[in-house]
Amino acid sequence: MAKSGLRQDPQSTAAATVLKRAVELDSESRYPQALVCYQEGIDLLLQVLKGTKDNTKRCNLREKISKYMDRAENIKKYLDQEKEDGKYHKQIKIEENATGFSYESLFREYLNETVTEVWIEDPYIRHTHQLYNFLRFCEMLIKRPCKVKTIHLLTSLDEGIEQVQQSRGLQEIEESLRSHGVLLEVQYSSSIHDREIRFNNGWMIKIGRGLDYFKKPQSRFSLGYCDFDLRPCHETTVDIFHKKHTKNI
C-alpha cells in the first residue's frame, strides 16, 4: 500500500506510524494484529480529516481512509470466516519475568455480553495461591460486559492434608458466586492433564501453565501482590482458538 504522504503534525505522524505497522503486519499474514493497527490508524486519520480545511488535502485523506477501510474490512471478513470454519488460531508467548499479563489483559478481548457460560479445565486448583488465582478469574467473569450465569470447573482433588482446605475454599467461592447469581459446578478427575478455558461465545484459550502462570511475589507489600499486571510471570504459551460450538465437560 502506498505511503500516507501526510503532513507531519503530531497526529498525522502517529497515524502514519500506526498504519505503517499495520501494513507490515499485513504482509507477514499477522491479520488479527494488523486489523487492530488498521482500525487505530483509521481513527487517527479521521481525526486529522476533521481538523483539515484545505479541500485538496481533505480529498486525499478521504481516499486514503477509504483504501485502508477496504483492507481492514477484507481482513475482518477473512477472520470471521476463519472463526466460522473453526480455523482461527492466535498464539501469545509469555516470556520469563514478563509483566502486563493479568487475567483481564489476557481475556478481556474475548469477553462480551454474549458470554453466559464458562468451562475451566485445570488440574491445579488446589493450593491456597491457586484457589486465589481461580477466585480472581471468577471476579473478572462477573464484571461487565459479561453476563455469566454458570461456571464449570474440572480439576483434580488434592490427595494430601490440603484436601480439606481445597474443598472448603471452592465451597466458599461457590457460595460467594451464588450471592451474585452465578452457579459454580465443580467436578474432580484423577486423570485430567490438559488446561483450557472455553466461553460459550466460541472462544477457547489454552495456557501451558493453566491459571497458575504468575510468580510468587517478593513480599506482601511488593508491587504486583495485588495488581497482577505488575506481577512477573513464568514462561508459558497461550493458544487462542475460535470454535463454532463449545463442548460440555
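**Exercises on a predicted model**

The domain assignment of the protein lists domain 1 (11-85) and domain 2 (89-242). The model is a predicted one.

**Exercise 1.** State how many Å separate the centres of domain 1 and domain 2.

*Solution.* Step 1: take the residue ranges, 11-85 for domain 1 and 89-242 for domain 2. Step 2: take the centres over C-alpha atoms; they are separated by 35 Å.

**Exercise 2.** Classify the aromatic pair formed by Phe107 and Phe137.

*Solution.* Step 1: searching the whole structure gives 13 aromatic pairs. Step 2: one of them joins Phe107 and Phe137, with 5.4 Å centre to centre and 75° between the planes. Step 3: centres within 6.5 Å make a pair, and planes over 60 degrees apart make it edge-to-face. Step 4: the pair of Phe107 and Phe137 is thus edge-to-face. Step 5: Phe107 sits in helix 4 (residues 103-107) and Phe137 in helix 5 (residues 128-141), so the pair links distant parts of the chain, 30 residues apart.

**Exercise 3.** Determine whether Phe107 and Phe137 are buried or exposed, and name the aromatic cluster that contains them.

*Solution.* Step 1: both Phe107 and Phe137 are buried. Step 2: the cluster consists of Tyr103, Phe107, Phe137, Phe199, Tyr213, Phe214 and Phe228.

How values were computed: Residues are numbered from 1 along each chain as its sequence is written. This is a predicted model: local features need pLDDT of at least 70, side-chain atom pairs count only at pLDDT 80 or more; totals for chains, interfaces and linings use all residues. Side-chain values use heavy atoms; hydrogens and water are left out. Domain bounds come from an automatic or database domain assignment. Rings of Phe, Tyr and Trp (its six-membered ring) pair if their centres lie within 6.5 Å; planes under 30 degrees apart count as stacked, over 60 as edge-to-face and the rest as tilted. Helices (H or I, at least four residues) and strands (E, at least two) are DSSP runs, numbered from the N terminus. Buried means under 20% relative accessible area, exposed over 50%, partly exposed in between (1.4 Å probe, protein chains only).
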